[in-house]
Amino acid sequence: MEKILVVDDEIFIRENLERTLTLKGYDVAVAQNRHESIHMLTEGDIDLVLLDLNLGRDSGIDILREMKEIDPEILVIIITGYGTVESAVEALKMGAYDYIKKPFKADALHLIVRLALETRSLKRELKSFKRDGSVLPEVVGVSPAMTDVFMKIREVAKHETATVLITGESGTGKEVVSRAIHNLSPRKDKPFVDINCGSLPYNLLESELFGHEKGAFTDAKTRKTGLLEEAAGGTVFLDEIGEMDMNLQVKFLRVLEERKIRRLGSTRNIDIDVRIIAATNKDLREAINNKEFREDLFYRLNVFPLSLPPLRERTEDIAPLLDHFIKRYRTEFKKDIREVSKEALELFKAYPWPGNIREMKNIVERICIMYSREIITPDMLPREISGEKPKIGTQSNLHIPPDGMDFESAIESVEKQLLSEALVITGANVLRTSKLLNIPRGTLRYKLEKYGLV
């Protein structure tokens, strides 16, 4: 139910508006001055404000300005009398949605309120649409393992409140699967909001998830709606849940148990209606043993487990995946590439794919950028797939040609090969790979992105 705040110092107007809007099914709050209205906006979840410009000692223009500082996206309809139309126009320039002149009829009021709330809803959907992108990649596969995944996606999608935990190596398509679950569910017309728990430090991630009130911390200049609140009725996808800070895990566990959130700096709980889908490439049971992940949170997330197999274990999916990416990038780059030669396909199938589907997508994109032939042949493939790997392991394998060499390229080639081999050994687990190679996780992530291995 949408909540409307009526701000007017005349009791007759307040009561009339409250009665009229309540009969239409809205939740209505009333205030008679600046102090009450700002308090209600700060503490309440207000969707729309009806604000009288003439509030005795208080200026409606000043109140509008303050409301916009608290919540820049709040919609405000100005109530104006005959002598304050010019002020209403000034309010429109400051961001007010529209104005309505006294005396007004109930039909006119209902129309402008409905249009304003529809505008708010459209803005939220547009924001979500921009985040999602206009085209969602498809889940591709013909192997028995993927057939089982498809069946589970279809089944869990029907149950819109079931929490899902997707596991699998980096690049196996966890986000693609989460979007498929959302798009096949009754929530498909509501927002799909995603966030990477490993990309933000604790404080920022907490603010992104829960939102904050103005003044909650030093840089909180305005109110911010959190992603859990923004996704109302939809789905929240938490990628790399295994990287979430232990302190935040406690707070998120409470969200799963109570289905309520509290913005930072607020004392009020907000009910949320979202499906939670989490994903990780970590072994969470091992993380529990290492005191890196809460066992109670794991069981709350693991209501419907969905494991994605690595690409090297389903070679029958390599050909359809190649065809899928060739069609995408052939169209995007206006190239003639249409298929893979038998020899090249055998090399693709023999490759261990440490970066899984993401690595294949990057390689096909690179080939479509560089070549215009109709058929992909072995000479068009990267060294690690074509078999022209630099041999390493002993000093005699490295030498300087008489005519000199490109030192940086040679080092990068060796580095990329080491990283590829390490990813195969660790199953593309970033934490284990960083320990195996004895390099910081941040450095490892940078290098994996540099060489297209993520």
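**A charged pair and its surroundings**

Mentor: E286 and R432 form a salt bridge, with their closest N and O atoms 4.0 Å apart (a side-chain nitrogen of Lys or Arg within 4 Å of a carboxyl oxygen of Asp or Glu). E286 sits in helix α11, residues 284–289, and R432 in helix α18, residues 430–437, so this pair ties together parts that are 146 residues apart in sequence. Helices (H or I, at least four residues) and strands (E, at least two) are DSSP runs, numbered from the N terminus. Bear in mind that the model is predicted: local features need pLDDT of at least 70 and side-chain atom pairs 80 or more, while totals for chains, interfaces and linings use all residues. Numbering runs from 1 along each chain as its sequence is written, and side-chain values use heavy atoms, without hydrogens or water.

How open is the pair? E286 counts as partly exposed, at 35% relative accessibility, and R432 also comes out partly exposed, at 35% (buried is under 20%, exposed over 50%, partly exposed in between, with a 1.4 Å probe and protein chains only).

The axes of helix α17 (residues 407–426) and α18 come within 9 Å and cross at roughly 125° (lines fitted to C-alpha atoms, for helices over the stretch in contact; angles run from 0 to 180 degrees between N-to-C directions). On the α17 side the contact (heavy atoms within 4.5 Å) is made by L419, A422, L423, I425 and T426. The α18 side contributes R432, T433, L436 and L437. R432, then, takes part in the bridge to E286 and in the contact with α17.

Take E213 and R223, whose closest N and O atoms are 3.1 Å apart. Both lie in the loop between β10 (211–212) and β11 (224–225), so their bridge ties together parts that are 10 residues apart in sequence. E213 counts as buried, at 3% relative accessibility, and R223 is buried too, at 5%. These two also belong to a network of salt bridges that links D45, E213, R223, E229 and R263.

D194 and R179 meet through their side chains in a salt bridge of 3.8 Å, N to O. D194 is in strand β9 (residues 192–196) and R179 in helix α7 (residues 174–183), so the pair ties together parts that are 15 residues apart in sequence. D194 is partly exposed at 24% relative accessibility, whereas R179 is buried at 9%.

The partner of β9 is strand β12 (residues 235–239), and the two pair in the parallel sense over 5 bridges. Within this pairing, I195 stands opposite L238 in β12.

Terms used
Two strands pair if DSSP finds at least two bridges between them.
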